[in-house]
Amino acid sequence: MKPQATIAALVAVALIAAGCGRSGSGGEETTPGPKAAVSGDFGDLKGVCGPGGASGSPAQGVTADAIKVGVFSDVGYTKNPEYSDLAKVFTSWCNDAGGINGRKIVPTVRDAKFMEVRQRMLEACREDFALAGGSAGLDGMGVKERLSCLLPDFPAQTSQVQANGADLQVAQTGGSAHNRYAGYYHWLLKEGYPSSAGAVGLMGGESPVTKVLGGQAKEGLQAAGGKIVYDGLFPPQGTTDWTPYAQAIKSKGVKGLVFYGSFADLAKLEQVLTGMSYKLDWIDANNNSYGPAFLKLAADSLGAQNNLADLSGVHPLENAASNPATEQLMDLYAKYAPKAQVTLPAVRGFGAWLLFSKAAASCGDALTRKCVYEAARKEGAWTAGGLLAPVDLTSADKPLQCFNVEKATPQGWKPADFKPDKGAYRCNVPPYRFKGQYGRPLKLADVGKSMSDVK
């Protein structure tokens, strides 16, 4: 296997592990002309950003005038600037509103280029107050360094098991010990498509990351009443001929398929299945595919195959007009980065920036790492101003409370008929805690530290 192909495959799998993809593109924009007064409110959050009389330098990366924040990205490899676009949009808005108690946010994009996570983390350890609104495909490679230097992290999403739920991290995607798709799987197999429960298939690229994902999916599906009749692996770099895999799916009578791989590969597989006149009850395209790119690639199969994705409590972007917070986010992008695409990771990332800023603002003049982390941990029903369904952030291992399902159609992504009971979401779903051993997130004790070391 060629090294470059291996890396490309790991990129795709790592992005799926994070629970969403990177399908946007755009460049940095400038807005000429005088600036009007800007409100520091977002959604139902009041005074997230605003002026103040902050003084002193209470922590690394914090001065009387500025707060240095690191933003992880793989833009040098993926060529996708969604996290740098996001940092520009959020910090431009927040700074125009007065900053955090008068301190301007100064973001530094830490481009890991996929394989340089540790190097970028060491740089962040030397310069940044905290990390916010970013992600790296191989984020597990830098957790030891981050914990060793006691650097708080407010990620848009996480990928690897070492990072997902690590100490000094406040993430909005649910605890790693719980199945974040428990409600989704229950709906698929018990309500939406009960006849598919006895014939569920799994497919994934053959890699260590996918083995973890596949193991968790298998356990979660079986716990929801599913019977796995096909568990197929394909080369991690994809294949030129998906016919044997489509034939295996058909011969096993698979009615529901969970696919772990790039959405480009899924689109190719679906073209073969459709050409064979074999239609499944459902295909979990996962929210890596949620965006216009998959719709374009799978155009010939969208009417024949039933592609679904669980957004895990993020309000649908296509229905922004019905949700003030999502509409406000779209407006901010239109103002500060009009050529950038708002993606699912960007929505979560904006929520991470909001969480960091609200917590930092509550610390007042004495802005320390301990204060900002502990303030964020007090959020028991965090919605990022209305961008998300409520998430309990009071500990690192709380399960997600809500889910929402999207369906890919020839007319675009649309909410599926999953019977929401709280606005755009279905909530109060029974949690499922994994029984299998899939690794664990790193803790401060793993690097000889404890919370008493955090200042």
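Modeller: By the ring-centre rule, the count comes to 25 aromatic pairs. The model is predicted, local features need pLDDT of at least 70, side-chain atom pairs count only at pLDDT 80 or more, and totals for chains, interfaces and linings use all residues. Residues are numbered from 1 along each chain as its sequence is written, and side-chain values use heavy atoms, with hydrogens and water left out.

Colleague: Why is the aromatic pair of Phe234 and Phe259 called stacked?

Modeller: Rings of Phe, Tyr and Trp (its six-membered ring) pair if their centres lie within 6.5 Å; planes under 30 degrees apart count as stacked, over 60 as edge-to-face and the rest as tilted. Phe234 and Phe259 lie 5.5 Å centre to centre with 15° between the planes, so the pair is stacked.

Colleague: What parts does the pair tie together?

Modeller: Phe234 is in strand β6 (residues 228-234) and Phe259 in strand β7 (residues 256-260), so the pair links parts 25 residues apart in sequence. Strands (E, at least two residues) and helices (H or I, at least four) are DSSP runs, numbered from the N terminus.

Colleague: Why does Phe234 count as buried?

Modeller: Buried means under 20% relative accessible area, exposed over 50%, partly exposed in between (1.4 Å probe, protein chains only). Phe234 has 2% relative accessibility, so Phe234 counts as buried. Phe259, at 1%, is buried too.

Colleague: Which residues is Leu269 in contact with, leaving aside neighbours within four places in sequence?

Modeller: Contact means heavy atoms within 4.5 Å. Among the contacts of Leu269 beyond those neighbours are Met203, Trp242 and Phe259.
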